[in-house]
Every structure is written in C-alpha cells, then in structure tokens.
Amino acid sequence: MAKIQENGIRSGPSPSLKGTQENQSDKDSSSMGSESEMNGFADTRADKYGFIGGAQQSLEDSIEDIPPDVLRQREAKWLDMLNSWDKWMAKRHKKIKLRCQKGIPPSLRGRAWLYLSGGKVKLEQNHGKFQELDSQAGDPKWLDVIEKDLHRQFPFHEMFVLRGGHGQQDLHRVLKAYTLHRPEEGYCQAQAPIAAVLLMHMPAEEAFWVLVQICEKYLPGYYSAGLEAIQLDGEILFALLRKVSPVAHKHLSKYKIDPILYMTEWFMCAFSRTLPWSSVLRVWDMFLCEGVKIIFRVGLVLLKLMLGSPEKLKAYQGQYETMELLRAINPKYMQETFLVREVIELPISEREVEKEHQVQLKRWKEKHGDLHCKSPPRMHGARAIMEAEPHTRQDLRQAPTIIMESPKENSNFKKNKKENKKKDKGKKTPPSASFENRSHSVPEVEPVTPVDAVGSLEKNSSWQGSRQSLSSSSTEQDTYL
C-alpha cells in the first residue's frame, strides 16, 4: 500500500484504476464524439456504471439485478419520502434505514445522498457560495497537487477517461472550492476519489456540499495534516476486532501489523478503491444513512473473513504474507449481497464505536498529548446531522426539472368536464351513438376531415385542460427527473 505523508498526499505509484456514471449536470454538445471515443476506447462497451475497463468494470450483467417492476415500486417509495423528508426523518427513520440497506434506486441515488448527508440544506442556505468559490483563483500550492491527481481518479470511467474532459474539470472545481472553503485544512489526496464518486451521481455544486458534509460531519479530521483522526480510528478498529474476531486480532498483534498499514485507504476513501462497484454503492447508501459505523463494520467483516480461523492463517505466517493477503481480498467476500448481509448482521453499534473512541482518545493523550487538529464532533448518520442543523421546509423542497400537474388537481379540467356533461343531458342522441356518448361524453358532431379533426380537438375544452396539465408550473408534484 502506498504511504500517506503528513500533508495527506500519497506517495508512491498511483493506485489501481477504477470508476462509475456520467455527470448529470453537463450535456455533451461536441460533434467530435464521446470522450471515450476520443481517448481510444471507441470499440469498448461501457458497463451499466459507466466503466469501459479497469478492475471495477462489470464484465456481465449482475445476477442480482432488481426486476423492473420492483425497481419502479422502490422509486415511488423514495419519491414519497423525499417529498416529505423532514417528517420521515422525524417519525419513520427506521424505514429510511431499511430502504437504504435494500439499496437506493440508481435513478434517485444522487438526490437521496444529497438529502441524507444534509448537503441539500447546506446548498439552500448558502446560495451562490459555490459559484463564488469557483470564481476565485485558489492557492497555487494546492492547485498544483490537485492537477497532478486528476488523471488518477477512475480513469477507466467514461466521465474521467479524457484528460481535461468535463469530468476532470468538475473534479478540479470541487476540490479547489474545498481548499478555499477550508484553507486551514487544504487538500488531501484521499478527498479526490470521494469527490469523484459524488460527481458520478450529481452536479458539481451538489457534490461540493456533500463532500463538505462528509469531511466535516461523517469523517471529521480525516483529511487534516498529521492524519491523527485516521490513526485514532485505526486503534478503535483494532480494539473492536478483539470482540468480533479474537483469532484475527491475535494474528495481527503477533506480527505487529499496525492498523494504519491496511485500513488507511479503506477508511479515507470509504472503500471506493477496494470493493466491486455494486458493493461500493450499497456501502455508501448505508454509510450516508447510518454514519461511520458502517465503515467500521465493513473493515471488521473483511478482517474476520480473511483472518478469522486458524486454517486460513496457516499459509500467512508473517507480516509480509499477511499484508499481501489484505491487499488481495478474496472476491467472494466482497460480493454485493453477501457483504451487505454480513455488514447488517454485525453487532457493532454507534454507541460501541463512540465508547471505544473515548477509551482510545484517553490513551492517545497519555502517549502523544492533545490532538493537534481540533476536529468537530463526529455525527453518526443522517438523523443526527438533521437534528443538529436547523432547517426549514423550504430548505428541503425539491426542484425537479420537469413539472407535471395531476389532472385531479386541475380545476379547469374538472369545470370543463362538468359543463360537457350538462350539455350532453339536453341533447338527444341516435341509438347507435348512445354507447359511445355514455362512455366518453362526446357531443354529436358532423363528419370532419383529418385536418379539421385537429382543429376540433384544439377547440375542445377538455383537450385544452389536458394540455394545461402538461405545462403547469406547480411544484406540488414530483417526477422521476
């Protein structure tokens, strides 16, 4: 594993190449073809996440794909939750948690992450802040490092495949904005993959505010100079491992394998560089809902599965052999359904994490003195963040791109329909037309040519009411867009 220096910049060879979907905020109007075509991947078929190669590309359709009808039902449920987010969080948080564990529908994942993290409230309360930061020049010290890191972030993904392409441009904007937002913290290389994953699911401004929430609420201190917070969490992980798998704990202790050697990239990148992409997304769904305990659980599950029995350890008697094993995790342990089930069932609560944090913090102070980086307290998940940050219902209001009004709520539609019924009652209709009139309430008309038929529909008030429903500007109803 490449080492991370005190300033948070990883030295050594660039990490493995991985990536996912295209940025929704930009529309490629270039006539030169897609970025993947311009970069030499014209004949490569992207998988459903946007990968055109690399270790995280799905080579075939997953057997775990959700049936379309089930997916539509889940989308409808998530839209209902997002329309009344504050009520759901206050009264039915367990249901939100359960639905995050099942997996957020891909079409709504970006919007759900924005709401879960509290990024939506931050964005609404800081209108124009990102644009202001984006317009500033930035500190050359950080800009130079960011520029060097851009091509390392998921280069086999359609969004980041082209040097200087729109994906890399947005990534540069988001990371630069963060260094201006928190100049005392600056930039850490591990922030780049976090920001890149977010950009795969949302526009740059939204990705920026979710990144802020992750850095300040979920993983405070992780990306500060000295990396004290990640070292402290390494000790917490190791202490919890004694409870989860005494065999694995004993083996790592025997060969003096410090947690910082194997868990740094896991935790700082939230497993985005470690797991298959379907598993990454499921872990992030739970992480943004429940907090850092999910990251601890994933780490503990992997250590338990790889080092949890004497039989498995016979071939790994030594520090080097053990580290090689931890660098090459067995794919079956990272398989989506299996891993998610193990993570959900692992009995490690946020209370246990916080209790162990206090124990390890006391030991740290006895050994090293006070922490140099004074990080804000860690928030354990979406509900804790929402309760800690004042907001209004306006802050949570959705603003979909396309608005459609239900015919039920269109008063003109109802009024015109009643008027048509009254007119029909006073008219006598021939027996041959009685069935059609009874079914559709269509008044008797003279035969018309196809051209005249269009004009007749235009004049009909019911038709006009339907057209109005398509162009309505009401914000009460949501859409899938």
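A crossing of two helices is left-handed if the near helix is turned anticlockwise from the far one by less than a right angle, and right-handed if clockwise. Helices here are DSSP runs of H or I with at least four residues, numbered from the N terminus. In this model, α9 passes α10 in a right-handed crossing.

The model is predicted: local features need pLDDT of at least 70, side-chain atom pairs count only at pLDDT 80 or more, and totals for chains, interfaces and linings use all residues. Residues are numbered from 1 along each chain as its sequence is written, and side-chain values use heavy atoms, with hydrogens and water left out.

**The helix pair**

Two packed helices are described by the angle between their axes and the distance between the axes. Helix α9 spans residues 166-181 and helix α10 residues 191-199; their axes come within 10 Å and cross at roughly 125°. Axes are lines fitted to C-alpha atoms, for helices over the stretch in contact, and angles run from 0 to 180 degrees between N-to-C directions. α9 and α10 are therefore oblique to each other. Angles under 35 degrees count as roughly parallel, over 145 as roughly antiparallel, 65 to 115 as roughly perpendicular and the rest as oblique.

Which residues make the contact? On α9 they are Gly167, Asp170, Leu171, Val174, Leu175 and Tyr178; on α10 they are Gln191, Ala192, Ala195, Ala196 and Leu199. Contact means heavy atoms within 4.5 Å. The residues divide into 8 nonpolar, 2 polar and 1 charged. Ala, Val, Leu, Ile, Met, Phe, Trp, Tyr, Cys and Pro count as nonpolar, Asp, Glu, Lys and Arg as charged, and the others, Gly among them, as polar.

**Salt bridges**

Side chains of opposite charge can pair when their charged atoms come close. A salt bridge is a side-chain nitrogen of Lys or Arg within 4 Å of a carboxyl oxygen of Asp or Glu. By this rule the count comes to 15. Among them are these pairs:

| Aspartate 285 | Arginine 109 | 2.8 Å |

Aspartate 285 lies in α15 (residues 277-290) and arginine 109 in α5 (residues 109-117), so the pair ties together parts 176 residues apart in sequence. Both aspartate 285 and arginine 109 are buried. Buried means under 20% relative accessible area, exposed over 50%, partly exposed in between (1.4 Å probe, protein chains only). Glutamate 336 and arginine 282 are both buried too. Glutamate 352, at 24% relative accessibility, counts as partly exposed.

Asp134, Asp170 and Arg173 are linked in a network of salt bridges.

Conventions:
Helices (H or I, at least four residues) and strands (E, at least two) are DSSP runs, numbered from the N terminus.
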